[in-house]
Amino acid sequence: MTSEQPFKIAVPDDALALLKRKLDDTRLPDEVNAAEWACGAPLADIRRLVSRWKDGYDWRTHERKLNALPMFTRTIAVDGFGELNVHYVHEKSAAKGAIPLLFVHGWPGSFLEVTKVLPLLTSASADHPSFHVVAPSLPGYAWSEGVVEKGFHAKYYAELFNKLMISLGYTEYVTQGGDWGHVLTLTTASLYGPKHVKASHTNLPMCEPPKFFKNPIVLLKCLITSFTPREREAAAHSQNFFKDGMGYFAEQTTKPQTIGFSLADSPVGLLAWIYEKLVAYTDAYPWTDDEVLTWISIYWFSRAGPAASVRIYYELALSGELIVFPKTTVPVGLSFFPKELARFPKPLLRSKGKIVFESEHEAGGHFAAYEQPEALVGDLRKMFGRSGPAAGVVFGCTGY
Amino acid sequence: MTSEQPFKIAVPDDALALLKRKLDDTRLPDEVDAAEWAYGAPLADIKRLVSRWKDGYDWRTHERELNAFPMFTRTIAVDEFGELDVHYVHQKSAAKGAIPLLFVHGWPGSFLEVTKILPLLTAVSADHPSFHVVAPSLPGYAWSEGVLKKGFVAEHYAELFNKLMISLGYSEYVTQGGDWGHVLTLAAASKYGPEHVKASHTNMPICDPPTLSENPITFLKCLIASFTSREREAAAASLDFFKNGMGYVAEQTTKPQTLGFSLADSPVGLLAWIYEKLVAWSDAYPWTDDEVLTWISIYWFSRAGPAASVRIYYEFAHLDNPKRARFPETSVPVGFSFFPKEVMQLPRVLLRAQAKIVFESEHEVGGHFAAYEQPSALVSDLRTMFGKSGPAAGVVPGCTGY
């Protein structure tokens, strides 16, 4: 394993030129009258975004801003997969006793999702705990090398993360994740907790549905629990997602390479594929065009290319890891945001692990760290703070 | 309705130039080692096809070949949708008593699927019946105008086809279709048969599964039927399709426009999306690169653009009355041809319960694109079904086929 290398994004000029040529030659489809969002990303939005991407949006400005983040790369060896070069954000708090925290993004996210919580998590204060934050880019995302061998299952991500944290001097740490970040940190906790992973927090609590024979009590509890109006709303929102929003999932879990050709070759294709989710998944988040375009550009200019980012669906669906969630003994914290995609019943979630912290929010969706950074950090501070339910889980790291 | 206009494809030079520029700037993904077909269209195939498309494949040559077919356009009014300009192939047989036949393609097909059976269907002989053939491009495909108003569903296609046939002087006719072609000709038979549609043939027989409450006898029959080994094999293949090959359906039935941006903008994206199915759904058909590229080019250069072609999935999945039968009943005689590599194969006992099956045929080779892969076999089935002593002989009064 090589030692840490500081990393600055430096997209080559010819890559920018290629993008410009492609954008100039964008061929847009027409649209069914009054379609709005019913059939997918609206034409008016995409047209406006392409126009801005062509003229006005300045990648170099945003590249510079991203490069102000403390970013690094290092090579980590993973059993059976050789060495992988991992890109990550790493910021230490000034607080000596800060708690090491591994933050893992999902799809269509990126390390960008840590940028708003980062200063809040690392800030030192007598009133709240602080964290040392490590936020890797998943293999095949942003500037992390992609995996070209088959079978990179959840346990290999876990091995990668654990080795990364240990290499940074954090043999004990806590985790935070949503989307794939949740599945993968859960696996990490299952395999490397409680020895290394001391606690886990997620903003997308999920688990597999109960089988009557195995957990009759839990199933019955779920059936007879009177759900609050908020829970009913959230459940309806979930149902909508499962009914109308899973096309990407079906394609990515079965033919990631087929859709990969479009994502790699077409800026507008990639934009529409992701933008549809950025809006659908968030709680009326006021995306600016440049914000969207930076989010997409990270995929477009990624080291492994956009097609690599969807393979995780295929690999984890094939291995069954998408439906069988590993058991873990470490304390777990759950934050519920109203516009999250999937809402699982609380009795069920509580039966799956040692839930020490729960929090319900009034606003926020799937990208909680990006949409509601204060709220999410507020939860982590409560969970790990002085009198919190996970206070002192990391030996010697009170957070202060 | 306007009268028939002869039609020649004439893709503008700047469209060709744009395609060339895009192909030159194609950015390919990498690939998982030894992926082959497991993850989707293989990189080596797509790379080779893009290379050929860029240099070597000559659209104008293929355009000329397509223009040798008797193609036309005409405007048809559809209730609540106004007038639609429909592109179609129309060839009359020299046989005076030829049977009018409506041939309807599906996705990712096109009117191209009629080109091999056309000369066989229209050929005159004392030994077999002949057909007058009408093969429209579905709205939003090839050079048929697309529909921009929501809700264009089965009965509208049926109305379109029926009016087209009647406008061509065929007030009584038979139909042939697979894929959407089957669903839509079934709708036509249901709505306009037996007055206009006299019989239907399909190479992709499908139907809704029976429920105990609605069709108890069929339901029970399915449970106790002893399936042939062939039916079991076919069921296993179907299962693989349902498990691993339906990603495109999930996206096209829910977010066709999101996908549409890729299909409209990226030649390689469109190529991969369709090529994956051309190979997966055919029975070891020896596609040549130029064959594939012509197939894709029809989508690329289509009048409404490639995004229009996938909207049919959305419309059918969002009917305001979901209880409306997807596969409506019809009283007209029906013929089935079973090809071993068809993607969806259902137990025969189930299919037989759904309609008046007068003709069945089992084949040893062939897949989803039967008319294109096995033209002689398919035409032979139609000849047997509609011929002198066939089970549907004389369904169209005055049109014996001879």
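Modeller: Here is a short tour of the domains and their interface. This is a predicted model, where local features need pLDDT of at least 70, side-chain atom pairs count only at pLDDT 80 or more, and totals for chains, interfaces and linings use all residues. Residues are numbered from 1 along each chain as its sequence is written, chains are lettered from A and ligands numbered from 1 in the order written, and side-chain values use heavy atoms, leaving out hydrogens and water.

Colleague: Which domains does the assignment give for chain A?

Modeller: Domain 1 of chain A is 12-65 + 243-316, and domain 2 of chain A is 68-206 + 324-384. The bounds come from an automatic or database domain assignment.

Colleague: How many residues does the contact take from each domain?

Modeller: It takes 31 from domain 1 of chain A and 41 from domain 2 of chain A. Contact means heavy atoms within 4.5 Å.

Colleague: What area do they bury between them?

Modeller: About 2,900 Å², with 65% of it on carbon and sulfur atoms. Buried area is the accessible area (1.4 Å probe) that two parts lose on being put together, summed over both.

Colleague: Which residues of domain 1 of chain A lose the most area to domain 2 of chain A?

Modeller: Tyr281(A), Trp295(A) and Arg303(A), together 25% of what that side buries.

Colleague: New topic. How many salt bridges does the rule find across the interface?

Modeller: The rule finds 0. It asks for a side-chain nitrogen of Lys or Arg within 4 Å of a carboxyl oxygen of Asp or Glu.
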